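I opened the model to look up a few side chains and the elements around them. My notes follow in the order in which I made them.

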Amino acid sequence: PDEQVPTGVAHHSWWVLYTYYTDAVREELESRGLNPRRDQGGRYDPLDSYHVLDPDGWDLQLAVRLQD
């Protein structure tokens with residue numbers, strides 16, 4: 001009857017950085033008690049990134065776009 005159907009779902013938030021040092025980013029995330037998960041994109045999404053969960057369980061992604 002009056003049931004509302006969602007029109008979209010946010011899967012995660014992400015930020016693209018201009019400079020990105022993979023080891024330094026991983027070490028900083030770990031030093032803050034986070035558990036970074038590496039994601040290197042794919043053929044059509046050339047990026048290098050880490051995913052972490054925020055305190056509310058949201059998936060946050062920090063990434064650098066690789067040059068084509």
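Predicted model: local features only at pLDDT ≥ 70, side-chain atom pairs only at ≥ 80, totals over all residues.

Entry 1: Residues are numbered from 1 along each chain as its sequence is written, and side-chain values use heavy atoms, with hydrogens and water left out.

I placed Asp48 in strand β3, residues 47-53. Strands here are DSSP runs of E with at least two residues, helices are runs of H or I with at least four, and both are numbered from the N terminus. Which side chain joins that of Asp48 in a polar contact? I found Arg38, at 2.8 Å. A polar contact is a pair of N or O atoms within 3.5 Å; within protein, one must be able to donate a hydrogen and the other to accept it, and residues adjacent in sequence count only if both atoms are side-chain atoms. Leaving aside neighbours within four places in sequence, I listed the contacts of Asp48 (heavy atoms within 4.5 Å), among them Tyr20, Thr22, Leu62 and Val64.

**Entry 2: the arginine partner.** I then turned to Arg38, in strand β2, residues 37-39. Arg38 counts as partly exposed, because its relative accessibility is 40%. Not counting residues up to four places away in sequence, Arg38 touches Thr22, Asp48, Ser49 and Tyr50. I also checked Arg38 against Pro6: they are 32 residues apart in sequence and 30 Å apart in space, C-alpha to C-alpha.

**Entry 3: a histidine in β3.** Is His51 buried or exposed? I noted it as buried, at 6% relative accessibility. His51 lies in strand β3. Its side chain has a polar contact of 2.8 Å with the side chain of Asp59 and another of 3.4 Å with the side chain of Gln61. Beyond four places in sequence, the contacts of His51 include His12, Asn35, Pro36 and Leu60.

**Entry 4: the sheet.** I traced an open sheet of four strands in the order β1-β4-β3-β2, with mixed pairing. Its edge strands are β1 (13-16) and β2, each pairing on one side only; two strands pair if DSSP finds at least two bridges between them. Neighbouring strands of this sheet are turned by 25° against each other on average, direction ignored. I found that β1 and strand β4 (residues 59-65) pair in the parallel sense over four bridges. Ser13 has Leu60 as its bridge partner in β4.

**Entry 5: the helix across the sheet.** Last, I looked at helix α1 (residues 22-31), which lies across β2, β3 and β4 and runs at about 0° to β3. Axes are lines fitted to C-alpha atoms, for helices over the stretch in contact, and angles run from 0 to 180 degrees between N-to-C directions. In α1, I recorded Thr22, Val25 and Leu29 as buried. They cover an arc of only 70° around the axis, so they are on the same side of α1; the arc is that of the directions from the helix axis to the C-beta atoms. The buried residues of α1 pack against β2, β3 and β4. After α1 comes Gly33, and I noted its positive phi, near 80°.

Technical notes: Buried < 20%, exposed > 50% of the residue type's maximum accessible area, 1.4 Å probe, protein only.
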